[in-house]
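Welcome! Here is a short briefing to read with the model open beside you, taking one topic at a time.

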Amino acid sequence: MTVEELRNRHVQLLRDRRGGGPPHPPARPPPPPPAHPADTAARYHTWHQVAAEPRSALLARLVDVRVRPAAYRPAHLREQQRTLDALQPEVLHLARAAGWDTTTPVLAGVFPTGTLDALSVPVPGRGVLVLVNTALLDLLGTVLKIMTGALPNYGTPPLLTSEQASYALAEAVNAYLYGNGAVEARRLPELSGQRAALVSLMARRGTQFVLAHEVGHLLAGHLLHARRRTDHHTPVGALDAQSVGWPREHEADRVAAVIMLRTLDDLGHRELEAHEPCLVGAVLLVLFLHEVTDRLADELGLTVPFAGNHPPPVRRIQTLVEHLAGHVRTPRALDLAADVATWLEGQLGGVREWFRLVDDSLLGGPTSGG
Ligand SMILES: [Zn+2]
């Protein structure tokens with residue numbers, strides 16, 4: 001019953017805020033119902049097609065996301081909500097299995113919060129609404145696809161060249177930073193076999209970690225000590241969140257890690273050797289993406305909503321890696337995460353280059369289009 005009440009509250013909040021509150025400055029009218037080109041569910045059908053359009057067309061797609069308001073697509077939001085509906089009870093179940101229990105109803109709902117951290121919103125007398133950035137789910141899934149498509153570790157020959165991967169990543173980050181939680185990068189083709197299995201597992205694990213972190217705040221009693229903090233720079237204008245202080249944020253990361261690692265308890269050694277690196281890689285990927293998008297946002301002069309609520313991602317990564325190193329059970333558990341970090345860092349130059357071209361194009365300056 002109360003979870004349903006939370007669901008109603010979530011739908012109400014979405015209705016109130018989408019185009020309702022003051023959006024990013026400059027103020028602009030609510031987006032029109034027909035989706036604009038970058039917001040249609042256009043997709044690549046083969047891997048050869050990825051970033052194979054003329055350079056000017058690729059650049060125009062990036063520019064378009066920056067200059068035109070995007071419409072939320074109900075089908076997109078519903079698809080993401082289904083993902084959260086499947087994962088939220090799972091996370092509470094895992095928490096119970098790890099020895100934590102709560103009678104407080106929790107509902108995870110998609111919301112354009114503009115931050116990679118989920119936001120816990122206590123609803124008095126009802127429970128806790130956990131708002132998960134619409135753009136986070138898109139970014140996580142797309143980056144995983146690009147990575148498994150580009151790295152030879154996951155199958156040879158790779159599905160994407162380094163140049164294709166750079167553009168695909170630039171488009172994903174551009175949509176994340178400028179798409180107001182409504183724009184998706186052009187969808188990549190479906191993967192198959194081992195790559196598909198890895199992406200779906202890691203996307204699920206990464207999202208579970210985001211939810212488990214919020215559940216961690218609830219289970220550890222942090223929300224009782226929280227202060228309300230309002231941020232005016234979210235895609236939907238002013239939004240409230242609970243601020244609990246950095247030490248409790250680190251604690252929530254640890255609780256989440258413990259909850260997640262418990263899921264491996266029943267595995268034999270062979271399975272553990274396969275699954276533990278994926279779990280650790282997925283958990284840390286969320287924080288790597290946090291770090292990378294924060295850094296790029298800073299370089300681009302963008303405000304990251306609720307930035308001070310959590311410790312800087314670099315600190316969270318260090319602290320969590322130390323914690324994980326003491327709790328993992330297989331020698332190569334951290335290897336995949338290290339590969340992911342190295343790959344992501346190596347791609348940044350290409351992403352920055354695309355962003356520079358967008359800047360030039362918006363300033364009417366020279367571009368190397370063609
Ligand atoms: Zn937190």
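Ser-120 stands opposite Val-130 in strand 3, and this pair belongs to strand 2 and strand 3, which run antiparallel over five bridges. Strands count as paired if DSSP finds at least two bridges between them. Helices (H or I, at least four residues) and strands (E, at least two) are DSSP runs, numbered from the N terminus.

This is a predicted model, in which local features need pLDDT of at least 70, side-chain atom pairs count only at pLDDT 80 or more, and totals for chains, interfaces and linings use all residues. Residues are numbered from 1 along each chain as its sequence is written.

**The three-stranded sheet**

- Strand 2 and strand 3 form a hairpin with three residues between them, and Gly-125 in the turn has a positive phi of about 75 degrees.
- The open sheet of three strands has the order 1-3-2, with mixed pairing.
- Its edge strands are strand 1 (106-111) and strand 2 (119-123), each of which pairs on one side only.
- From one strand to the next, the twist averages 30 degrees.
- Strand 1 and strand 3 (residues 127-133) pair in the parallel sense over six bridges.
- Val-106 has Val-128 in strand 3 as its bridge partner.
- Helix 1 (residues 2-17) packs on the sheet, touching strand 1, strand 2 and strand 3, and its direction makes about 20 degrees with that of strand 1.
- Helix 6 packs on the sheet too, touching strand 1, strand 2 and strand 3, with its direction at about 150 degrees to that of strand 3.
- These angles run from 0 to 180 degrees between N-to-C directions, and axes are lines fitted to C-alpha atoms, for helices over the stretch in contact.
- Gly-109 stands opposite Leu-131 in strand 3.
- Strand 3 is mostly covered, with seven of its seven residues buried.
- A residue is buried if 20 or more other C-beta atoms lie within 10 Å of its own, exposed if 12 or fewer, and partly exposed in between, with C-beta atoms placed from the backbone.

- Strand 4 (residues 227-234) and strand 5 (residues 237-243) pair in the antiparallel sense over six bridges.
- A hairpin through two residues joins strand 4 to strand 5.
- Arg-227 faces Ser-243 in strand 5 as its opposite residue.

**Helix 7**

- The 17 residues of helix 7 (residues 246-262) should span 24 Å at 1.5 Å a residue, and its end C-alpha atoms are 25 Å apart, which agrees.
- That expected span is 1.5 Å times one less than the number of residues.
- Buried residues of helix 7 include Ala-252, Val-255, Ala-256 and Ile-259.
- The buried residues of helix 7 pack against helix 3 (74-97), helix 6 (193-219), helix 8 (269-299) and helix 9 (313-325).
- Residues are in contact if their C-beta atoms, placed from the backbone, lie within 7 Å.

**Helix 10 and its partners**

- The axes of helix 8 and helix 10 (residues 335-362) come within 7 Å and cross at roughly 30 degrees.
- Helix 8 and helix 10 are therefore roughly parallel to each other.
- For such angles, under 35 degrees counts as roughly parallel, over 145 as roughly antiparallel, 65 to 115 as roughly perpendicular and the rest as oblique.
- Among the residues that meet here are Leu-284 and Phe-288 in helix 8 and Val-340 and Leu-344 in helix 10.
- The axes of helix 2 and helix 10 come within 10 Å and cross at roughly 70 degrees.
- That makes helix 2 roughly perpendicular to helix 10.
- Residues making this contact include Leu-59 and Leu-62 of helix 2 and Trp-354 and Leu-357 of helix 10.
- Leu-59 lies in helix 2 (residues 55-67) and is buried, with 22 other C-beta atoms within 10 Å.

**Backbone features in the loops**

- Most residues other than glycine have a negative phi, and most peptide bonds are trans.
- Ala-51, in the loop between helix 1 and helix 2, has a positive phi of about 55 degrees although it is not a glycine.
- Ala-51 counts as buried, with 22 C-beta neighbours inside 10 Å.
- Phe-306, in the loop between helix 8 and helix 9, has a positive phi near 55 degrees.
- Phe-306 is buried, with 20 other C-beta atoms within 10 Å.
- The peptide bond from Thr-156 to Pro-157 is cis, with omega near -5 degrees, and Pro-157 is found in the loop between helix 4 (134-150) and helix 5 (162-178).

How values were computed:
Two residues are in contact if their C-beta atoms, placed from the backbone, lie within 7 Å.
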